[in-house]
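Subject: Structure handover and notes

Dear colleague,

I am handing over the structure we spoke about, and I would be grateful if you would read the notes below with the model open beside them.

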Amino acid sequence: MALSGALGAGALLSGTGAGVSAAAVPGSAAGDPQCCPCPTDPSPPGSGPSPCPPQHLQPLCGSPTDTDPLWQDVQYCTQGIVPPSGQRPTCLKTMPNYVVLHGKPETPRNYLLLPSCRITGIECPFLVTTTVANYWHEAWENARSGGDVPVQSQYIGLGVNSQSARQLNQLHIHMAGVRASTQRRLQDLEASGRVALQPAQWGDTQYQAAVTGADGSGDRTYRILRLDALTQNLFDLLNLYVVRRFGLDMAGQTLVVVPKMTATGFARAFYVLNSDSSLHDGTNTCDHLLVYS
């Protein structure tokens, strides 16, 4: 497992819209516990400071005073607040919008990108707003070859688990590997017209297909979309074109991004896979596809 089951049952959202030490982070003193630790000035997605969820969303997005271990690790990296356990995480990268940590097991192909804001997970409605940072773009820019925290794998995968399938309650994007067979399967599906090319088509039946998992547990069914860039808010696309369309819960979704690779390298396209338990042979975890060790 790779830090992915909830430590408590939060309310469900249904159909709603390298080597940086904590001591080097400015403003390392503990701040006002009633305010999120990241800046509040709006900026373009994925660049510079980003707003945090407002206080009225704390029932769904978590409170800055929560004691989730991953959230405590984020606070150490961003504010220098030592976790109650005394165990200081290795802050691989600390930015205004996010931090990068090792995943577990700790391997060269298992990292996590976490918001600097308090965001419990995919169920947080703030993730579908226009002011949220573009965490998926940042994850790819770090995990890719030449990135600040590159995943040591020929084929890379990024993933987020559903609320029920994760183990810790601070949003974390897994930065890991995928099998060569997964990459081939997705390209074969694209060649046969089984991959949606427009977000509005994402949930159509013809773009649902089985992909064999990396853990030997058999095939799982995913809705598959191709995007040429990660400039759009993937959480918002999922909410608009799948969750709201089919009357599903955002909390029950898993989301996986697999950059398309060819013999010459990155093909400047991304396969975006979504699944949940409403699909025949669906899954609510990204762990079936990602390779952590």
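Leaving aside residues up to four places away in sequence, Leu158 touches Trp136, Ala139, Trp140, Ala143, Ile173, His174, Met175, Leu255, Val256, Val257 and Leu290. Please keep in mind throughout that this is a predicted model. Leu158 is also one of the five residues, together with Tyr135, Trp136, Leu234 and Phe235, that touch the most other members of the largest nonpolar core, which has 48 residues. Helix H5, which runs over residues 234-246, gives the most to this core, with 6 residues. Another core, of 19 residues, lies apart from it, and has among its members Leu186, Val195, Leu273 and Cys286.

Helix H2

Helix H2 covers residues 69-79, and because 10 of its 11 residues are buried, the helix is largely enclosed by the rest of the structure. The buried residues are Leu70, Trp71, Gln72, Asp73, Val74, Gln75, Tyr76, Cys77, Thr78 and Gln79, and they pack against strand E1 (93-94), strand E2 (98-102) and strand E3 (110-115). At the start of H2, a side-chain oxygen of Asp68 comes to within 3.0 Å of the backbone nitrogen of Leu70, while the residue that follows the helix is Gly80, with a positive phi near 75°.

The largest pocket

The largest pocket, with a volume of about 400 Å³, is lined by 17 residues, of which Pro69, Asp73, Gln87, Pro89 and Lys104 are the closest to its centre. The elements that give two or more residues to this lining are H2 and E2, and H2 gives the most, with 4 residues. By class, the lining of the largest pocket divides into 8 nonpolar, 5 polar and 4 charged residues. Lys104, which is among the residues closest to the centre of the pocket, is joined to Pro105 by a cis peptide bond, with omega at about 5°. Pro105 itself is placed in the loop between E2 and E3, two strands against which the buried residues of H2 pack.

The cavities

The largest cavity has a volume of about 50 Å³, and its lining consists of Gly121, Ile122, Val160, Asn161, Arg166, Gln170, Leu171, His172 and His174. These lining residues divide into 3 nonpolar, 5 polar and 1 charged. His174, which belongs to this lining, is also one of the residues that Leu158 touches.

The second largest cavity holds about 30 Å³ of space and is lined by Val132, Ala133, Asn134, Tyr135, Trp136, Asn233, Leu234 and Phe235. Helix H3 (135-143) and H5 are the elements that give two or more residues to this lining, which divides into 6 nonpolar residues, 2 polar and no charged.

Backbone points to check

Most residues other than glycine have a negative phi, and most peptide bonds are trans. Arg268, although not a glycine, has a positive phi of about 55°; Arg268 lies in strand E9, residues 265-275, and counts as exposed because its relative accessibility of 65% is over 50%. Asp281 likewise has a positive phi, near 60°, without being a glycine, and its place is in the loop between E9 and strand E10 (290-291). With a relative accessible area of 45%, Asp281 is partly exposed.

Where does Asp215 lie? Asp215 is in the loop between strand E6 (208-212) and strand E7 (219-227), where it is partly exposed, with a relative accessible area of 45%. Although Asp215 and Val291 are 76 residues apart in sequence, they are 8.2 Å apart in space, C-alpha to C-alpha.

With best wishes

Terms used. Residues are numbered from 1 along each chain as its sequence is written. This is a predicted model: local features need pLDDT of at least 70, side-chain atom pairs count only at pLDDT 80 or more; totals for chains, interfaces and linings use all residues. Side-chain values use heavy atoms; hydrogens and water are left out. Buried means under 20% relative accessible area, exposed over 50%, partly exposed in between (1.4 Å probe, protein chains only). Contact means heavy atoms within 4.5 Å. A polar contact is a pair of N or O atoms within 3.5 Å; within protein, one must be able to donate a hydrogen and the other to accept it, and residues adjacent in sequence count only if both atoms are side-chain atoms. A nonpolar core is a set of buried Ala, Val, Leu, Ile, Met, Phe, Trp, Tyr and Cys residues joined through side-chain atoms within 4.5 Å. On a 1 Å grid over the protein atoms alone, a cavity is a set of points where a 1.4 Å probe fits but cannot get out, and a pocket is an open set with protein on both sides within 12 Å along at least five of seven lines; lining residues have an atom within 4 Å of a point. Grid points are joined across faces, edges and corners, and a volume is the space filled by probe spheres set on the points. Ala, Val, Leu, Ile, Met, Phe, Trp, Tyr, Cys and Pro count as nonpolar, Asp, Glu, Lys and Arg as charged, and the others, Gly among them, as polar.
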